[in-house]
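Welcome, and please have your viewer open for this short tour.

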Amino acid sequence: MPDGTLLRGRWWEARAGREGARGLVVIRTPYGADLHASTARSWSGRGYHCLVQDVRGRYRSEGAWSPYAHEHDDGTHVLDRLTAEHPGLPVVLYGASYAAHAALEAARAARGAGEGAVAAVIALVPALGLAETAWNTDGEPQIRHRIGWWHEHGRTRRPAPPLPPDELDRRTAQAHEYGVIEAADHWGWTPEERAAWRRLWTAPPIDLSARYGRITAPLLVVSGDEDFFHHDARRLADAWNAPSHFATGPWGHLLVGGVTDGALRARIAGAGGLKHVIDPWLSAHGLPGAPAEWTGILAPASAPPAAPRTRSVLDPVSGAWRHERTADG
C-alpha cells in the first residue's frame, strides 16, 4: 500500500493458465485467505484468476485491524495494481459477510483503468457497515451477536476463541445493566479496543444510494431468508442504480453450508444450489459461466438505471427456483 503496509494473500491461477484466463476474481476477507481455497478453486475452474487477500491487520497482512475503516482506500490500490498487471481482464469483486463490504467498497473506489475493468459485483449475505451490523431493522441493538463477533473477530489479528455461552450471557447482561458501550470497561479490553467498540455503536447508518449510486457494474446479491442481514441485502439490491439481481432461499448467514436439515439440503442440492443462480447470471453479463433459459429476465450490463430489477427465490417445500422481475421493476 502507499503507506508501506504489506497486504498478503493467495493467488490462484486460472486452470487454463495465464494466457487462457477469461477474468479475475478479487476476494478481500478478514476471515483468512487460506480458508477460502475451495472457493478460489471453483473460480479457477471457471476460467478466472483469483486473488484471496487478507484485509489490513488480519492474518498475514500487516497494519492495524480496524473493522470498516480501510477497505475503500485499500481496495482502490489493490484494484489499481491488479488491473495494471492484468490489463483487459474483466474483474469480478466477490465476497460474503464482511468480505461483501470489502467488495462493495472496492467497486465504489474503482478509478481509472480499474473502474472500466470492474465487470460485476457479487455480495453474499452482506454485512454492510458498522450501524447495519449493530442494529436490526426495528432499531433494536444486536447486543449478543455483536459481543460475540467483536470478541472473536473485531479486535485481534487472528480470531480469539469464541466466548462460552455462559460468558456471553454474562456480558450481554452487563450491557443491559451498564449500557452497551460502558460494559466493555468490564471485559479487560485495551483503550483502543474500547474506542473501536464505541465507534461501532455510534456510527451513522449508510445511505446506500448515495454511497454506491455511481457504480455502473451489475450486482448480484445473495441473501438468506433466515439471515439477520436479510433486510439490508434487499435494501442494497433495491438501491443499486445499475442492473441488480436478488437471490434468496431457506438458509441463514452461513448459506447452504449452515443448513442442518438433511432433507432440505437434498432439495437445495437437487435445485442446483447457488450455482444455479451465480453461473447463469455471470454468463448473462458476458462473463464465464453456464447459460440458462431463465436469464432472459435479466437486463444487460449496459442497461440504463431504470432497467428492471430481478430476483430468484428457492422454495424450501418444492425445492425449485422461481425467477422473476420484481414488482417495482
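## A pair of strands

V222 stands opposite A247, a residue of β7. The two strands here are β6, made of residues 219-222, and β7, made of residues 244-248; they pair in the parallel sense, with four bridges between them. Please keep in mind that this is a predicted model.

## The whole sheet

Where does this pair sit in the order of strands in the open sheet? Nine strands line up as β1-β3-β2-β4-β5-β6-β7-β8-β9, and the pairing is mixed. At the edges you will find β1 (9-12) and β9 (321-325), each of which pairs on one side only. From one strand to the next, the twist averages 15°.

As a reminder, strands of a sheet pair through backbone hydrogen bonds, and they do so in either a parallel or an antiparallel way.

## Helices on the sheet

Now let's look at two helices that meet these strands. Helix α1, residues 37-46, lies across β1, β2 (23-29), β3 (48-54), β4 (91-96) and β5 (118-124). Its direction is at about 160° to β3. Helix α3, residues 98-109, also packs on the sheet, where it touches β2, β4, β5 and β6. The direction of α3 makes about 150° with that of β4.

## Two nonpolar cores

Which residues have the most contacts inside the largest nonpolar core? They are W43, I122, W251, L274 and L282, in a core of 35 residues. At least two residues each come from β2, α1, β3, β4, β5, β6, α11 (262-270) and α12 (275-284). Helix α12 gives the most, with four residues.

## A glutamate in α2

Our last stop is E71, which belongs to helix α2 (residues 71-85). Is E71 buried or exposed? Its relative accessible area is 2%, so E71 counts as buried, the cut-off being under 20%.

What does the side chain of E71 join through a polar contact? The partner is the side chain of Y98, at 2.7 Å. Beyond residues up to four places away in sequence, E71 touches R28, V55, W65, Y98, H101, A102 and E105.

Notes
Residues numbered from 1 in each chain as written. Predicted model: local features only at pLDDT ≥ 70, side-chain atom pairs only at ≥ 80, totals over all residues. Heavy atoms only, no water. Buried < 20%, exposed > 50% of the residue type's maximum accessible area, 1.4 Å probe, protein only. Polar contact = N/O pair within 3.5 Å; in protein donor to acceptor, adjacent residues only side chain to side chain. Contact = heavy atoms within 4.5 Å. Pairing = 2+ DSSP bridges. Axes fitted to C-alpha atoms, helices over the stretch in contact; angles between N-to-C directions. Core = buried A, V, L, I, M, F, W, Y, C linked by side-chain atoms within 4.5 Å.
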